[in-house]
Amino acid sequence: MKAVRVPDLKTMKDRGEKITVLTAYDATMARLLDRAGIDVILVGDSLGMVVLGYDTTLPVTLDMMIHHTAAVTRGTDRALVVADMPFLSYQLGNEEAMRNAGRLIQEGGASAVKIEGGRHMAETAKRLSDIGVPVMGHLGLTPQSVHKFGGFRPQAREPKAVTQLLEDAVLLEASGVFAIVLESIPDDVAKDVTASLKIPTIGIGAGPHCDGQVLVSYDALGLYDGPTPPFVKQYADAAGVIVDGARAYIEDVRAGRFPEKRH
Ligand code: KIV
């Protein structure tokens, strides 16, 4: 069982091997995903929505991300752990971005960070990369800009937006990012971006042509009972298993079947 390292993702793209990514926010889930053989665990700021009960990712703080990233890295042996930099932890200046990314690596134990945005974030990505912090980019529907978009809406629908996204991807690659998440964009746009980059693209709602795929684990495993995006495929009914198990326990306790008498 060889640990996945940042350069392995580019090797996988070069070999045409798909890269698998799921999110995790705690050590137990991380251990299970690692045991299943996932390549990358993303400690997403989706934490705010699926674990902490917020409507957006915006209330998530750096301290929350460090706390959950440290739990995930404690539960991970093989997968590469990437931590999201939350809203306002990297947009206020490169010094602050470097300090905050450093905390995710030093205190959280992450191997890389993810930041949202294109050309405006290229310089920040370069500075982080230059000091040895591997950076994953994120283009298309960037949830930290939810209010600017007027909701969690698909992106890159107009020719101008498509051109801009392609340019942003090339600029991010030039700035040293090692992979780019493409979220909620048309399949053919994701295909063009993927073909024009040497680094891998990781799609979510971006069709089958990306070099890898990411889903929020709570959506993919049926653990989140809130609304899920239309592109999500549910691979398990974890919520059903938990509710059934909890009901069986409640019935047993109420009926005096648990605990059993000890002799
Ligand atoms: O926060 C997150 O989980 C993400 C993925 C949806 C890519 O950024």
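**Contacts, ligand shell and helix faces**

Visitor: Which residues does T57 touch, not counting residues up to four places away in sequence?
Guide: This is a predicted model, in which local features need pLDDT of at least 70, side-chain atom pairs count only at pLDDT 80 or more, and totals for chains, interfaces and linings use all residues. Residues are numbered from 1 along each chain as its sequence is written, and side-chain values use heavy atoms, with hydrogens and water left out. Contact means heavy atoms within 4.5 Å. By that criterion, T57 touches D45, S46, M49, P143 and Q144.

Visitor: Is T57 buried or exposed?
Guide: T57 sits in the loop between α3 (47–50) and α4, where helices (H or I, at least four residues) and strands (E, at least two) are DSSP runs numbered from the N terminus. Buried means under 20% relative accessible area, exposed over 50%, and partly exposed in between (1.4 Å probe, protein chains only). Because its relative accessibility is 3%, T57 counts as buried.

Visitor: Which residues surround the ligand?
Guide: A residue belongs here if one of its heavy atoms lies within 4 Å of the molecule. By class, the shell has four nonpolar, four polar and three charged residues; Ala, Val, Leu, Ile, Met, Phe, Trp, Tyr, Cys and Pro count as nonpolar, Asp, Glu, Lys and Arg as charged, and the others, Gly among them, as polar. The residues are T23, L42, G44, D45, S46, D84, K114, H138, V181, I204 and V216.

Visitor: How much of the ligand's accessible area does the protein cover?
Guide: The side chains of D45 and D84 each place an N or O atom 3.1 Å from an oxygen atom of the ligand. A polar side-chain atom of K114 lies 2.9 Å from a ligand oxygen. Accessible areas come from the Shrake-Rupley method with a 1.4 Å probe, and for residues only the protein chains shown count as cover. Of the 260 Å² that the ligand has on its own, the protein covers 96%.

Visitor: With which side chain does the side chain of T23 make a polar contact?
Guide: T23, a member of the ligand shell, lies in strand β1 (residues 19–23) and is buried because its relative accessibility is 2%. A polar contact is a pair of N or O atoms within 3.5 Å; within protein, one must be able to donate a hydrogen and the other to accept it, and residues adjacent in sequence count only if both atoms are side-chain atoms. At 2.9 Å, the partner of T23 is the side chain of Y25.

Visitor: Within what arc do the buried residues of α2 fall?
Guide: In helix α2 (residues 27–36), the buried residues are A27, M29, A30, L33 and D34. The arc is that of the directions from the helix axis to the C-beta atoms. Seen down the axis, these residues line one face of α2, because they fall within an arc of 160 degrees.

Visitor: Which residue caps the N-terminal end of α2?
Guide: The face of α2 turned away from its buried side carries the exposed residues R35 and A36, and just after the helix G37 takes a positive phi of about 100 degrees. At the N-terminal end, the backbone nitrogen of T28 lies 3.0 Å from a side-chain oxygen of the capping residue, D26.

Visitor: Against which elements do the buried residues of α9 pack?
Guide: V189, A190, V193 and T194 are buried in helix α9 (residues 187–196). They lie on the same side of α9 because they cover an arc of only 135 degrees around the axis. On the other side, D188 and A195 are exposed. The buried residues pack against α1, α8 (159–174), β6 (179–183) and β7 (201–204).

Visitor: What is the phi of S184?
Guide: Most residues other than glycine have a negative phi. S184, in the loop between β6 and α9, is buried because its relative accessibility is 8%. Although S184 is not a glycine, its phi is positive, at about 50 degrees.

Visitor: What is the omega of the cis peptide bond that joins F258 and P259?
Guide: Most peptide bonds are trans. P259 is found in the segment after α11 (238–255). For the cis bond between F258 and P259, omega is about -5 degrees.
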